[in-house]
Amino acid sequence: MIILNDIWAYVFGFFFGRTPLIQVSPKKTWEGFIGGGVATVICGIIISYFLCQYPYFVCPVEYSEKFGKMIIDCEPSPLYTLHEYVLPEFIARAMSVFGGSNKITIYPFVIHAFWMSLFSSIIGPFGGFFASGFKRAFKIKDFGDVIPGHGGIMDRFDCQYLMATFVNVYIYSFVSTPTLQKTVQQVINLRPEEQLQLFYVLKGSLENRGILNVQ
């Protein structure tokens, strides 16, 4: 998404750029920043919706004993299956003007892609602004010369570091959900006394809810 944002910001800035955005990066313009941001969000939604429809992009590659080869076949995670959502009231009211419904059917992954693309459009570029300011402060053009004509690794991935940090936190906070397999593995890794304590806690909870009847 950072790459998409860079491309679209350049395109909009090249054709429509008139207003300087920030002093440390004089070639950046408000037109490029806003146009690139909007285009990135739109592209993020479209691309993520497209990817969710194909098992190749949502299923892991696994070896099949039955077929004797690597296959891509799985029951897609709820993240990649269509869900129906009720739109917020102000959006539903606007949709009703055009005869639209107050509900939308979409992949949950698309919603996550929207927030990630929004971050990459609004906050992501500031990684580049910070890097530009840092280089100007030390009166250097590039951080390195590993990539001819482009500088060093940091020059190419200044925004990516910020985006990678956000994506990692976002996934662990909002996307990653506990599964039975993960939970069992974590329980197995506990010390025996901790496993026993967990057993009694779980047993008591099931009994209190009437799920487990001990005679």
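Which residues does the UniProt annotation "transmembrane region" cover? According to that unreviewed entry, they are residues 32-51 and 106-131. Keep both spans in mind during the tour, and remember that the model on screen is predicted.

**Stop 1: the annotated spans**

Select residues 32-51. This span is 100% helix and 0% strand, and its end C-alpha atoms lie 27 Å apart. Now select residues 106-131. Here the end C-alpha atoms lie 37 Å apart, with 85% of the span in helix and 4% in strand.

**Stop 2: helix 1 and helix 2**

Select residues 2-16 for helix 1 and residues 30-51 for helix 2. Their axes come within 7 Å and cross at roughly 140°.

To see the contact, show the side chains. On the helix 1 side, pick L4, N5, W8, A9, F12, G13 and F16. They meet E31, G32, G35, G36, G37, A39, T40, C43 and I47 in helix 2. By class, this contact has 8 nonpolar, 7 polar and 1 charged residues.

**Stop 3: helix 5 and helix 7**

Next, select helix 5 (residues 108-122) and helix 7 (residues 153-175). The axes of helix 5 and helix 7 come within 11 Å and cross at roughly 155°. Because angles over 145 degrees count as roughly antiparallel, helix 5 is roughly antiparallel to helix 7. Their crossing is right-handed.

Which residues in helix 5 meet helix 7? Pick H112, W115, M116, F119 and S120. Their partners in helix 7 are L162, M163, F166, V167, Y170, I171, F174 and V175. The contact of helix 5 with helix 7 contains 11 nonpolar and 2 polar residues, and no charged residues.

**Stop 4: helix 6 and helix 7**

The crossing of helix 6 and helix 7 is right-handed.

In helix 6, show P125, G127, G128, A131 and K135. In helix 7, show D155, D158, C159 and L162, which they meet. The residues of this contact divide into 4 nonpolar, 2 polar and 3 charged. L162 is worth a label: it is listed in the contact of helix 7 with helix 6 and also in that with helix 5.

**Stop 5: the domains**

Finally, zoom out and colour by domain. Domain 1 consists of 1-77 + 110-177, and domain 2 consists of 178-214. How many Å separate the centres of domain 1 and domain 2? Taken over C-alpha atoms, the separation is 41 Å.

Definitions and conventions:
Residues numbered from 1 in each chain as written. Predicted model: local features only at pLDDT ≥ 70, side-chain atom pairs only at ≥ 80, totals over all residues. Heavy atoms only, no water. Domains from an automatic or database assignment. Axes fitted to C-alpha atoms, helices over the stretch in contact; angles between N-to-C directions. Helix = DSSP H or I, 4+ residues; strand = E, 2+ residues; numbered from the N terminus. Left-handed = near helix turned anticlockwise from the far one by under 90°. Contact = heavy atoms within 4.5 Å. Nonpolar A, V, L, I, M, F, W, Y, C, P; charged D, E, K, R; others polar. UniProt positions renumbered as here; feature names shortened; annotations may be inferred. Parallel < 35°, antiparallel > 145°, perpendicular 65-115°, else oblique.
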